[in-house]
Protein chains: 4
Amino acid sequence: MRGKALHIAISKENPDPMHKQITDQMRDAIAKGALSPGARLPSIREMARELAVSPITIKRAYGDLEREGYLITRAGLGSFVAGIDRERIRAKKVGEIREEIARIAKSAGAFGIPIAEIRRIVDELRIKRR
Amino acid sequence: MRGKALHIAISKENPDPMHKQITDQMRDAIAKGALSPGARLPSIREMARELAVSPITIKRAYGDLEREGYLITRAGLGSFVAGIDRERIRAKKVGEIREEIARIAKSAGAFGIPIAEIRRIVDELRIKRR
Amino acid sequence: MRGKALHIAISKENPDPMHKQITDQMRDAIAKGALSPGARLPSIREMARELAVSPITIKRAYGDLEREGYLITRAGLGSFVAGIDRERIRAKKVGEIREEIARIAKSAGAFGIPIAEIRRIVDELRIKRR
Amino acid sequence: MRGKALHIAISKENPDPMHKQITDQMRDAIAKGALSPGARLPSIREMARELAVSPITIKRAYGDLEREGYLITRAGLGSFVAGIDRERIRAKKVGEIREEIARIAKSAGAFGIPIAEIRRIVDELRIKRR
DNA sequence: GTGGTCTAGACCACA
DNA sequence: GTGGTCTAGACCACC
(Lines give C-alpha, C1' and ligand atoms only; values in the text may rest on other atoms or scores of the structure.)
Protein backbone atom coordinates (compact mmCIF):
# COMPACT_ATOMS: atom_id res chain seq x y z
CA MET A 1 0.00 0.00 0.00
CA ARG A 2 1.56 3.18 -1.24
CA GLY A 3 -0.51 6.31 -0.93
CA LYS A 4 -0.78 9.69 0.68
CA ALA A 5 -0.47 9.42 4.42
CA LEU A 6 -2.59 12.50 4.64
CA HIS A 7 -6.11 12.62 3.30
CA ILE A 8 -7.74 15.84 4.28
CA ALA A 9 -11.28 16.56 3.30
CA ILE A 10 -12.68 20.04 3.51
CA SER A 11 -16.41 20.41 3.42
CA LYS A 12 -18.21 23.62 2.74
CA GLU A 13 -21.26 22.20 4.53
CA ASN A 14 -19.31 21.89 7.76
CA PRO A 15 -19.87 25.07 9.76
CA ASP A 16 -16.34 24.83 11.19
CA PRO A 17 -13.89 27.19 9.52
CA MET A 18 -11.50 25.59 7.06
CA HIS A 19 -8.45 26.00 9.21
CA LYS A 20 -10.19 24.13 12.02
CA GLN A 21 -11.24 21.29 9.74
CA ILE A 22 -7.61 21.00 8.69
CA THR A 23 -6.09 21.12 12.16
CA ASP A 24 -8.64 18.65 13.50
CA GLN A 25 -7.81 16.10 10.82
CA MET A 26 -4.07 16.59 11.01
CA ARG A 27 -4.10 16.40 14.80
CA ASP A 28 -5.94 13.11 14.63
CA ALA A 29 -3.57 11.79 11.97
CA ILE A 30 -0.52 12.68 14.02
CA ALA A 31 -2.01 11.39 17.27
CA LYS A 32 -3.01 8.15 15.56
CA GLY A 33 0.55 7.68 14.40
CA ALA A 34 -0.26 7.84 10.70
CA LEU A 35 2.49 10.42 10.58
CA SER A 36 5.71 9.51 12.36
CA PRO A 37 7.77 12.03 14.33
CA GLY A 38 10.28 13.76 12.09
CA ALA A 39 8.28 13.11 8.95
CA ARG A 40 8.16 16.04 6.59
CA LEU A 41 4.74 17.48 5.97
CA PRO A 42 3.66 18.89 2.64
CA SER A 43 4.86 22.45 2.27
CA ILE A 44 2.34 25.17 2.89
CA ARG A 45 2.12 25.95 -0.80
CA GLU A 46 1.79 22.29 -1.82
CA MET A 47 -0.96 21.70 0.68
CA ALA A 48 -2.69 24.89 -0.42
CA ARG A 49 -2.62 23.78 -4.04
CA GLU A 50 -3.88 20.33 -3.12
CA LEU A 51 -6.81 21.52 -1.04
CA ALA A 52 -7.45 24.46 -3.33
CA VAL A 53 -7.32 27.00 -0.54
CA SER A 54 -5.15 30.00 0.16
CA PRO A 55 -1.63 29.34 1.52
CA ILE A 56 -2.53 31.66 4.38
CA THR A 57 -5.27 29.31 5.51
CA ILE A 58 -2.78 26.42 5.60
CA LYS A 59 -0.27 28.63 7.35
CA ARG A 60 -2.89 29.35 9.97
CA ALA A 61 -3.57 25.63 10.45
CA TYR A 62 0.13 24.71 10.65
CA GLY A 63 0.71 27.59 13.06
CA ASP A 64 -2.06 26.41 15.36
CA LEU A 65 -0.72 22.86 15.37
CA GLU A 66 2.76 24.17 16.09
CA ARG A 67 1.51 26.11 19.10
CA GLU A 68 -0.16 22.91 20.28
CA GLY A 69 3.11 21.03 19.95
CA TYR A 70 2.13 18.68 17.14
CA LEU A 71 4.65 19.92 14.60
CA ILE A 72 7.60 22.20 14.23
CA THR A 73 8.26 24.38 11.27
CA ARG A 74 11.53 25.98 10.21
CA ALA A 75 11.77 28.74 7.64
CA GLY A 76 13.45 27.51 4.50
CA LEU A 77 13.19 23.88 5.54
CA GLY A 78 9.54 23.06 5.92
CA SER A 79 7.29 21.57 8.56
CA PHE A 80 7.91 18.34 10.43
CA VAL A 81 5.94 16.14 12.79
CA ALA A 82 7.11 16.84 16.32
CA GLY A 83 8.34 14.25 18.76
CA ILE A 84 5.21 13.73 20.77
CA ASP A 85 4.41 12.50 24.23
CA ARG A 86 1.60 10.25 23.13
CA GLU A 87 0.51 9.50 26.68
CA ARG A 88 0.19 13.17 27.56
CA ILE A 89 -1.91 13.82 24.49
CA ARG A 90 -4.13 10.85 25.10
CA ALA A 91 -4.75 12.01 28.66
CA LYS A 92 -5.59 15.49 27.41
CA LYS A 93 -8.05 14.03 24.92
CA VAL A 94 -9.72 11.92 27.60
CA GLY A 95 -10.16 15.06 29.66
CA GLU A 96 -11.80 16.81 26.74
CA ILE A 97 -14.12 13.88 26.17
CA ARG A 98 -15.08 13.87 29.83
CA GLU A 99 -16.07 17.52 29.59
CA GLU A 100 -18.06 16.97 26.42
CA ILE A 101 -19.92 14.05 27.88
CA ALA A 102 -20.71 16.01 31.01
CA ARG A 103 -22.06 18.85 28.89
CA ILE A 104 -24.22 16.44 26.89
CA ALA A 105 -25.51 14.76 30.03
CA LYS A 106 -26.42 18.11 31.53
CA SER A 107 -28.31 19.25 28.48
CA ALA A 108 -29.99 15.85 28.17
CA GLY A 109 -31.18 16.07 31.75
CA ALA A 110 -33.31 19.09 30.86
CA PHE A 111 -35.20 16.91 28.40
CA GLY A 112 -35.76 14.17 30.92
CA ILE A 113 -33.13 11.94 29.38
CA PRO A 114 -31.20 10.13 32.12
CA ILE A 115 -27.52 9.28 32.00
CA ALA A 116 -28.55 5.62 31.83
CA GLU A 117 -29.97 6.31 28.40
CA ILE A 118 -26.74 7.93 27.26
CA ARG A 119 -24.96 4.85 28.46
CA ARG A 120 -27.31 2.79 26.35
CA ILE A 121 -26.48 4.91 23.31
CA VAL A 122 -22.77 4.33 23.88
CA ASP A 123 -23.37 0.60 24.18
CA GLU A 124 -25.27 0.58 20.89
CA LEU A 125 -22.16 1.98 19.28
CA ARG A 126 -19.99 -0.72 20.79
CA ILE A 127 -22.21 -3.40 19.35
CA LYS A 128 -22.41 -1.78 15.93
CA ARG A 129 -18.62 -1.63 15.76
CA ARG A 130 -18.19 -5.30 16.48
CA MET B 1 -44.75 30.72 45.40
CA ARG B 2 -45.00 33.21 42.59
CA GLY B 3 -41.58 34.11 41.22
CA LYS B 4 -39.69 34.21 38.03
CA ALA B 5 -40.15 31.00 36.16
CA LEU B 6 -37.26 32.05 34.02
CA HIS B 7 -33.74 32.52 35.36
CA ILE B 8 -31.42 33.22 32.51
CA ALA B 9 -27.77 33.82 33.15
CA ILE B 10 -25.55 35.33 30.50
CA SER B 11 -21.86 34.92 30.98
CA LYS B 12 -19.17 36.91 29.26
CA GLU B 13 -16.77 34.03 29.85
CA ASN B 14 -18.93 31.67 27.85
CA PRO B 15 -17.66 31.73 24.28
CA ASP B 16 -21.14 31.04 22.94
CA PRO B 17 -22.85 34.07 21.47
CA MET B 18 -25.42 35.70 23.73
CA HIS B 19 -28.41 34.72 21.62
CA LYS B 20 -27.35 31.06 21.87
CA GLN B 21 -26.93 31.23 25.63
CA ILE B 22 -30.47 32.58 25.83
CA THR B 23 -32.11 30.09 23.45
CA ASP B 24 -30.32 27.16 25.09
CA GLN B 25 -31.62 28.07 28.52
CA MET B 26 -35.15 28.85 27.35
CA ARG B 27 -35.34 25.67 25.32
CA ASP B 28 -34.28 23.65 28.32
CA ALA B 29 -36.78 25.44 30.55
CA ILE B 30 -39.63 24.74 28.13
CA ALA B 31 -38.59 21.14 27.52
CA LYS B 32 -38.26 20.56 31.23
CA GLY B 33 -41.77 21.92 31.77
CA ALA B 34 -40.69 24.89 33.86
CA LEU B 35 -42.67 26.96 31.39
CA SER B 36 -46.10 25.59 30.64
CA PRO B 37 -47.69 25.71 27.21
CA GLY B 38 -49.65 28.90 26.74
CA ALA B 39 -47.69 30.82 29.37
CA ARG B 40 -46.88 34.37 28.39
CA LEU B 41 -43.21 35.18 28.03
CA PRO B 42 -41.74 38.55 28.93
CA SER B 43 -41.87 41.00 26.05
CA ILE B 44 -38.72 41.51 24.07
CA ARG B 45 -38.15 44.89 25.69
CA GLU B 46 -38.75 43.57 29.22
CA MET B 47 -36.41 40.67 28.68
CA ALA B 48 -33.78 42.94 27.16
CA ARG B 49 -33.90 45.28 30.15
CA GLU B 50 -33.75 42.37 32.55
CA LEU B 51 -30.71 40.73 30.95
CA ALA B 52 -29.09 44.07 30.11
CA VAL B 53 -28.66 43.21 26.48
CA SER B 54 -29.90 44.75 23.27
CA PRO B 55 -33.53 44.04 22.27
CA ILE B 56 -32.14 42.91 18.95
CA THR B 57 -30.40 40.04 20.70
CA ILE B 58 -33.67 38.97 22.38
CA LYS B 59 -35.54 39.31 19.11
CA ARG B 60 -33.04 36.98 17.54
CA ALA B 61 -33.42 34.45 20.37
CA TYR B 62 -37.24 34.52 20.31
CA GLY B 63 -37.17 34.22 16.53
CA ASP B 64 -34.92 31.17 16.67
CA LEU B 65 -37.14 29.49 19.25
CA GLU B 66 -40.24 30.27 17.22
CA ARG B 67 -38.67 28.69 14.15
CA GLU B 68 -37.92 25.62 16.28
CA GLY B 69 -41.53 25.45 17.46
CA TYR B 70 -40.95 26.23 21.11
CA LEU B 71 -42.92 29.46 21.20
CA ILE B 72 -45.40 31.50 19.25
CA THR B 73 -45.30 35.24 18.78
CA ARG B 74 -48.54 37.10 18.06
CA ALA B 75 -48.04 40.66 16.95
CA GLY B 76 -49.44 43.10 19.49
CA LEU B 77 -50.08 40.37 22.03
CA GLY B 78 -46.68 38.99 22.92
CA SER B 79 -44.90 35.65 22.90
CA PHE B 80 -46.27 32.46 24.35
CA VAL B 81 -44.93 29.00 25.08
CA ALA B 82 -46.11 26.68 22.35
CA GLY B 83 -48.02 23.50 22.90
CA ILE B 84 -45.33 20.93 22.56
CA ASP B 85 -45.20 17.30 21.66
CA ARG B 86 -42.84 16.39 24.43
CA GLU B 87 -42.22 12.90 23.09
CA ARG B 88 -41.26 14.18 19.65
CA ILE B 89 -38.80 16.64 21.13
CA ARG B 90 -37.28 14.06 23.41
CA ALA B 91 -36.79 11.68 20.51
CA LYS B 92 -35.17 14.41 18.46
CA LYS B 93 -32.81 15.21 21.30
CA VAL B 94 -31.87 11.54 21.67
CA GLY B 95 -31.02 11.47 17.99
CA GLU B 96 -28.79 14.50 18.40
CA ILE B 97 -27.04 12.92 21.33
CA ARG B 98 -26.49 9.74 19.35
CA GLU B 99 -24.80 11.71 16.61
CA GLU B 100 -22.61 13.63 19.03
CA ILE B 101 -21.53 10.48 20.81
CA ALA B 102 -20.69 8.83 17.51
CA ARG B 103 -18.61 11.83 16.50
CA ILE B 104 -16.77 11.77 19.83
CA ALA B 105 -16.14 8.03 19.58
CA LYS B 106 -14.76 8.43 16.07
CA SER B 107 -12.36 11.16 17.06
CA ALA B 108 -11.39 9.27 20.23
CA GLY B 109 -10.52 6.23 18.16
CA ALA B 110 -7.79 8.20 16.44
CA PHE B 111 -6.15 8.65 19.83
CA GLY B 112 -6.40 4.99 20.69
CA ILE B 113 -9.27 5.56 23.08
CA PRO B 114 -11.78 2.70 22.79
CA ILE B 115 -15.53 3.05 23.19
CA ALA B 116 -15.21 1.02 26.36
CA GLU B 117 -13.32 3.91 27.87
CA ILE B 118 -16.03 6.34 26.87
CA ARG B 119 -18.52 4.04 28.51
CA ARG B 120 -16.39 4.20 31.64
CA ILE B 121 -16.46 8.00 31.54
CA VAL B 122 -20.25 7.96 31.31
CA ASP B 123 -20.42 5.57 34.25
CA GLU B 124 -18.20 7.86 36.32
CA LEU B 125 -20.77 10.58 35.73
CA ARG B 126 -23.60 8.32 36.86
CA ILE B 127 -21.82 7.63 40.10
CA LYS B 128 -20.93 11.24 40.71
CA ARG B 129 -24.55 12.29 40.22
CA ARG B 130 -25.88 9.83 42.75
CA MET C 1 -3.64 63.79 33.67
CA ARG C 2 -6.13 62.59 31.11
CA GLY C 3 -4.73 60.68 28.17
CA LYS C 4 -4.65 57.42 26.35
CA ALA C 5 -3.81 54.53 28.60
CA LEU C 6 -2.21 52.86 25.63
CA HIS C 7 0.70 54.40 23.81
CA ILE C 8 2.06 51.98 21.30
CA ALA C 9 5.02 52.90 19.20
CA ILE C 10 5.90 50.91 16.14
CA SER C 11 9.35 51.33 14.74
CA LYS C 12 10.38 50.26 11.30
CA GLU C 13 13.98 50.13 12.53
CA ASN C 14 13.10 47.43 15.04
CA PRO C 15 13.76 44.03 13.43
CA ASP C 16 10.86 42.52 15.36
CA PRO C 17 7.71 42.11 13.27
CA MET C 18 4.99 44.66 13.91
CA HIS C 19 2.65 42.22 15.59
CA LYS C 20 5.36 41.34 18.10
CA GLN C 21 6.12 44.98 18.85
CA ILE C 22 2.43 45.44 19.55
CA THR C 23 1.96 42.36 21.72
CA ASP C 24 5.11 43.13 23.70
CA GLN C 25 3.95 46.62 24.53
CA MET C 26 0.37 45.63 25.30
CA ARG C 27 1.50 42.72 27.44
CA ASP C 28 3.68 45.05 29.47
CA ALA C 29 0.87 47.59 29.77
CA ILE C 30 -1.57 44.97 31.02
CA ALA C 31 0.95 43.36 33.37
CA LYS C 32 1.88 46.77 34.74
CA GLY C 33 -1.77 47.43 35.52
CA ALA C 34 -2.05 50.41 33.18
CA LEU C 35 -5.07 48.59 31.84
CA SER C 36 -7.49 47.22 34.42
CA PRO C 37 -9.24 43.89 34.04
CA GLY C 38 -12.49 44.27 32.17
CA ALA C 39 -11.40 47.47 30.47
CA ARG C 40 -12.38 47.66 26.84
CA LEU C 41 -9.52 47.82 24.40
CA PRO C 42 -9.65 49.81 21.20
CA SER C 43 -11.42 47.85 18.51
CA ILE C 44 -9.25 46.14 15.94
CA ARG C 45 -10.21 48.69 13.31
CA GLU C 46 -9.64 51.67 15.60
CA MET C 47 -6.23 50.42 16.62
CA ALA C 48 -5.38 49.70 13.01
CA ARG C 49 -6.30 53.23 11.97
CA GLU C 50 -4.35 54.69 14.87
CA LEU C 51 -1.18 52.78 14.19
CA ALA C 52 -1.63 52.99 10.44
CA VAL C 53 -1.33 49.25 9.93
CA SER C 54 -3.65 46.62 8.53
CA PRO C 55 -6.49 45.39 10.77
CA ILE C 56 -5.16 41.90 10.19
CA THR C 57 -1.91 42.78 11.89
CA ILE C 58 -3.82 44.02 14.95
CA LYS C 59 -6.02 40.95 14.83
CA ARG C 60 -2.88 38.82 14.91
CA ALA C 61 -1.58 40.72 17.93
CA TYR C 62 -4.89 40.53 19.81
CA GLY C 63 -5.17 36.85 18.97
CA ASP C 64 -1.70 36.12 20.35
CA LEU C 65 -2.48 37.99 23.56
CA GLU C 66 -5.76 36.13 23.89
CA ARG C 67 -4.01 32.77 23.60
CA GLU C 68 -1.62 33.95 26.31
CA GLY C 69 -4.55 34.83 28.54
CA TYR C 70 -4.08 38.58 28.65
CA LEU C 71 -7.35 39.50 27.02
CA ILE C 72 -10.60 38.03 25.85
CA THR C 73 -12.40 39.04 22.72
CA ARG C 74 -16.01 38.46 21.80
CA ALA C 75 -17.36 38.85 18.31
CA GLY C 76 -19.66 41.83 18.08
CA LEU C 77 -18.60 43.15 21.45
CA GLY C 78 -14.90 43.89 21.27
CA SER C 79 -11.80 42.97 23.24
CA PHE C 80 -11.39 43.28 26.97
CA VAL C 81 -8.53 42.98 29.43
CA ALA C 82 -8.74 39.59 31.08
CA GLY C 83 -8.84 38.96 34.79
CA ILE C 84 -5.25 38.10 35.37
CA ASP C 85 -3.37 36.09 37.94
CA ARG C 86 -0.68 38.69 38.39
CA GLU C 87 1.47 36.42 40.56
CA ARG C 88 1.48 33.66 37.97
CA ILE C 89 2.52 36.07 35.26
CA ARG C 90 5.23 37.62 37.37
CA ALA C 91 6.64 34.17 38.12
CA LYS C 92 6.61 33.31 34.43
CA LYS C 93 8.43 36.53 33.62
CA VAL C 94 11.07 35.84 36.27
CA GLY C 95 11.63 32.44 34.69
CA GLU C 96 12.11 34.03 31.29
CA ILE C 97 14.57 36.53 32.73
CA ARG C 98 16.50 33.75 34.38
CA GLU C 99 16.87 31.98 31.06
CA GLU C 100 17.92 35.14 29.28
CA ILE C 101 20.53 35.95 31.89
CA ALA C 102 21.88 32.40 31.72
CA ARG C 103 22.15 32.67 27.96
CA ILE C 104 23.96 36.00 28.24
CA ALA C 105 26.33 34.66 30.87
CA LYS C 106 27.13 31.65 28.72
CA SER C 107 27.88 33.73 25.67
CA ALA C 108 29.89 36.21 27.78
CA GLY C 109 32.00 33.39 29.13
CA ALA C 110 33.31 32.68 25.64
CA PHE C 111 34.71 36.21 25.58
CA GLY C 112 36.36 35.87 28.93
CA ILE C 113 33.75 37.98 30.65
CA PRO C 114 32.97 36.53 34.10
CA ILE C 115 29.56 36.56 35.74
CA ALA C 116 31.02 38.95 38.31
CA GLU C 117 31.28 41.53 35.56
CA ILE C 118 27.67 41.00 34.58
CA ARG C 119 26.75 41.54 38.19
CA ARG C 120 28.69 44.79 38.09
CA ILE C 121 26.72 45.89 35.02
CA VAL C 122 23.46 45.19 36.81
CA ASP C 123 24.66 47.19 39.80
CA GLU C 124 25.52 50.14 37.58
CA LEU C 125 21.90 50.13 36.46
CA ARG C 126 20.66 50.15 40.05
CA ILE C 127 22.73 53.21 40.83
CA LYS C 128 21.70 55.03 37.68
CA ARG C 129 18.04 54.49 38.48
CA ARG C 130 18.30 55.98 41.93
CA MET D 1 46.71 16.01 20.78
CA ARG D 2 45.68 16.88 17.28
CA GLY D 3 41.94 16.92 16.84
CA LYS D 4 39.21 19.11 15.62
CA ALA D 5 39.58 22.58 17.01
CA LEU D 6 36.06 23.19 15.86
CA HIS D 7 33.06 21.31 17.17
CA ILE D 8 29.94 22.84 15.75
CA ALA D 9 26.58 21.42 16.63
CA ILE D 10 23.51 22.30 14.65
CA SER D 11 20.19 21.60 16.27
CA LYS D 12 16.86 21.38 14.55
CA GLU D 13 15.16 22.24 17.83
CA ASN D 14 17.02 25.54 18.04
CA PRO D 15 14.80 28.16 16.47
CA ASP D 16 17.82 30.17 15.31
CA PRO D 17 18.55 29.83 11.61
CA MET D 18 21.40 27.47 10.78
CA HIS D 19 23.78 30.17 9.63
CA LYS D 20 23.37 31.94 12.96
CA GLN D 21 24.02 28.79 14.95
CA ILE D 22 27.24 28.40 13.00
CA THR D 23 28.47 31.99 13.28
CA ASP D 24 27.64 32.10 16.97
CA GLN D 25 29.72 29.04 17.70
CA MET D 26 32.64 30.05 15.48
CA ARG D 27 32.67 33.57 16.89
CA ASP D 28 32.80 32.19 20.40
CA ALA D 29 35.57 29.75 19.46
CA ILE D 30 37.67 32.53 17.95
CA ALA D 31 37.01 34.96 20.79
CA LYS D 32 37.86 32.29 23.31
CA GLY D 33 41.15 31.60 21.52
CA ALA D 34 40.28 28.04 20.57
CA LEU D 35 41.16 29.11 17.04
CA SER D 36 44.42 31.04 16.78
CA PRO D 37 44.93 33.97 14.42
CA GLY D 38 46.22 32.77 11.08
CA ALA D 39 44.83 29.27 11.49
CA ARG D 40 43.29 27.87 8.35
CA LEU D 41 39.59 27.10 8.52
CA PRO D 42 37.96 24.20 6.72
CA SER D 43 36.94 25.09 3.19
CA ILE D 44 33.31 25.90 2.61
CA ARG D 45 32.77 22.53 0.92
CA GLU D 46 34.49 20.59 3.68
CA MET D 47 32.54 22.34 6.35
CA ALA D 48 29.30 21.83 4.46
CA ARG D 49 29.95 18.09 4.15
CA GLU D 50 30.86 17.84 7.80
CA LEU D 51 27.76 19.61 9.09
CA ALA D 52 25.55 18.08 6.43
CA VAL D 53 24.22 21.41 5.30
CA SER D 54 24.26 23.28 2.03
CA PRO D 55 27.52 25.05 1.05
CA ILE D 56 25.40 28.15 0.60
CA THR D 57 24.66 28.15 4.31
CA ILE D 58 28.39 27.92 5.16
CA LYS D 59 29.18 30.63 2.63
CA ARG D 60 26.68 32.86 4.37
CA ALA D 61 28.23 32.12 7.78
CA TYR D 62 31.80 32.73 6.63
CA GLY D 63 30.70 35.91 4.90
CA ASP D 64 29.04 37.22 8.04
CA LEU D 65 32.11 36.48 10.15
CA GLU D 66 34.36 38.13 7.57
CA ARG D 67 32.21 41.28 7.67
CA GLU D 68 32.55 41.23 11.47
CA GLY D 69 36.32 40.95 11.20
CA TYR D 70 36.71 37.48 12.66
CA LEU D 71 38.17 35.84 9.57
CA ILE D 72 39.68 36.60 6.22
CA THR D 73 38.92 34.78 3.01
CA ARG D 74 41.55 34.78 0.24
CA ALA D 75 40.24 33.55 -3.07
CA GLY D 76 41.97 30.33 -4.09
CA LEU D 77 43.67 29.94 -0.73
CA GLY D 78 40.91 29.51 1.80
CA SER D 79 39.65 31.18 4.95
CA PHE D 80 41.84 32.11 7.91
CA VAL D 81 41.25 33.32 11.42
CA ALA D 82 41.91 37.05 11.52
CA GLY D 83 44.34 38.74 13.84
CA ILE D 84 42.04 40.08 16.44
CA ASP D 85 42.20 42.92 18.91
CA ARG D 86 40.87 40.87 21.77
CA GLU D 87 40.42 43.87 24.03
CA ARG D 88 38.37 45.74 21.47
CA ILE D 89 36.09 42.75 20.97
CA ARG D 90 35.69 42.19 24.67
CA ALA D 91 34.76 45.83 25.20
CA LYS D 92 32.24 45.65 22.39
CA LYS D 93 30.69 42.54 23.91
CA VAL D 94 30.46 44.21 27.30
CA GLY D 95 28.61 47.07 25.67
CA GLU D 96 26.17 44.68 24.07
CA ILE D 97 25.56 42.95 27.36
CA ARG D 98 24.95 46.29 29.05
CA GLU D 99 22.27 47.10 26.49
CA GLU D 100 20.63 43.72 26.83
CA ILE D 101 20.54 43.93 30.60
CA ALA D 102 19.08 47.42 30.41
CA ARG D 103 16.40 46.17 28.06
CA ILE D 104 15.58 43.25 30.36
CA ALA D 105 15.46 45.50 33.40
CA LYS D 106 13.10 47.90 31.65
CA SER D 107 10.70 45.17 30.62
CA ALA D 108 10.95 43.55 34.07
CA GLY D 109 9.99 46.85 35.66
CA ALA D 110 6.61 46.67 33.95
CA PHE D 111 5.94 43.43 35.83
CA GLY D 112 6.97 44.88 39.16
CA ILE D 113 10.27 43.07 39.15
CA PRO D 114 12.97 45.32 40.61
CA ILE D 115 16.58 45.37 39.48
CA ALA D 116 17.48 43.96 42.88
CA GLU D 117 15.70 40.77 41.86
CA ILE D 118 17.63 40.61 38.61
CA ARG D 119 20.80 40.98 40.64
CA ARG D 120 19.64 38.05 42.75
CA ILE D 121 19.13 35.96 39.61
CA VAL D 122 22.66 36.74 38.49
CA ASP D 123 23.99 35.79 41.91
CA GLU D 124 22.15 32.47 41.76
CA LEU D 125 24.04 31.76 38.56
CA ARG D 126 27.35 32.59 40.17
CA ILE D 127 26.70 30.12 42.94
CA LYS D 128 25.52 27.39 40.61
CA ARG D 129 28.66 27.74 38.51
CA ARG D 130 31.04 27.35 41.45
C1' DG E 1 -20.67 49.12 14.76
C1' DT E 2 -17.96 44.60 16.40
C1' DG E 3 -14.77 40.38 15.54
C1' DG E 4 -13.85 35.99 12.35
C1' DT E 5 -12.60 34.04 8.04
C1' DC E 6 -10.73 33.74 3.57
C1' DT E 7 -8.46 35.37 -0.73
C1' DA E 8 -4.96 37.30 -3.85
C1' DG E 9 -0.81 39.10 -4.07
C1' DA E 10 3.42 41.25 -2.53
C1' DC E 11 8.08 41.36 -0.28
C1' DC E 12 11.50 39.40 2.82
C1' DA E 13 14.87 35.96 5.01
C1' DC E 14 16.41 31.23 4.89
C1' DA E 15 18.44 26.93 2.57
C1' DG F 1 12.36 26.13 -3.25
C1' DT F 2 10.91 27.00 1.91
C1' DG F 3 8.31 29.72 5.71
C1' DG F 4 7.16 34.71 7.77
C1' DT F 5 5.04 39.07 7.37
C1' DC F 6 2.04 42.53 5.75
C1' DT F 7 -1.59 44.69 2.80
C1' DA F 8 -6.10 45.49 0.64
C1' DG F 9 -10.37 44.00 0.25
C1' DA F 10 -14.22 40.90 0.59
C1' DC F 11 -18.01 38.36 3.04
C1' DC F 12 -20.13 36.58 7.22
C1' DA F 13 -22.15 36.35 12.07
C1' DC F 14 -22.95 39.00 16.15
C1' DC F 15 -24.78 43.02 18.82
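Guide: Near DNA strand F, the surface divides into 12 nonpolar, 12 polar and three charged residues. Here Ala, Val, Leu, Ile, Met, Phe, Trp, Tyr, Cys and Pro count as nonpolar, Asp, Glu, Lys and Arg as charged, and the others, Gly among them, as polar. A residue is near the strand if its C-beta atom, placed from the backbone, lies within 6 Å of it. This is a predicted model, in which local features need pLDDT of at least 70, side-chain atom pairs count only at pLDDT 80 or more, and totals for chains, interfaces and linings use all residues. Residues are numbered from 1 along each chain as its sequence is written, while chains are lettered from A and ligands numbered from 1 in the order in which they are written.

Visitor: Which residues are the closest to DNA strand F?

Guide: They are Ser43(A), Pro17(C), Met18(C), Ser54(C) and Gly76(C).

Visitor: How many residues of chain D are in contact with chain C?

Guide: Contact requires C-beta atoms, placed from the backbone, within 7 Å. By that criterion, 29 residues of chain D are in contact with 29 residues of chain C. The side of chain D that touches chain C has 17 nonpolar, two polar and 10 charged residues.

Visitor: What rotation superposes chain D on chain C?

Guide: Two copies of a chain are related by a rotation about an axis and a shift along it. Here the rotation is 178° with 0.1 Å of shift along its axis (RMSD 0.5 Å), by least squares on the C-alpha atoms of residues with pLDDT of at least 70 in both copies. That is the relation of a two-fold axis. In chain D, the C-alpha of Arg119(D) is nearest the axis, 3.3 Å from it. Of the contact residues of chain D, 100% recur in chain C, so the same surface serves both copies.

Notes: Two residues are in contact if their C-beta atoms, placed from the backbone, lie within 7 Å.
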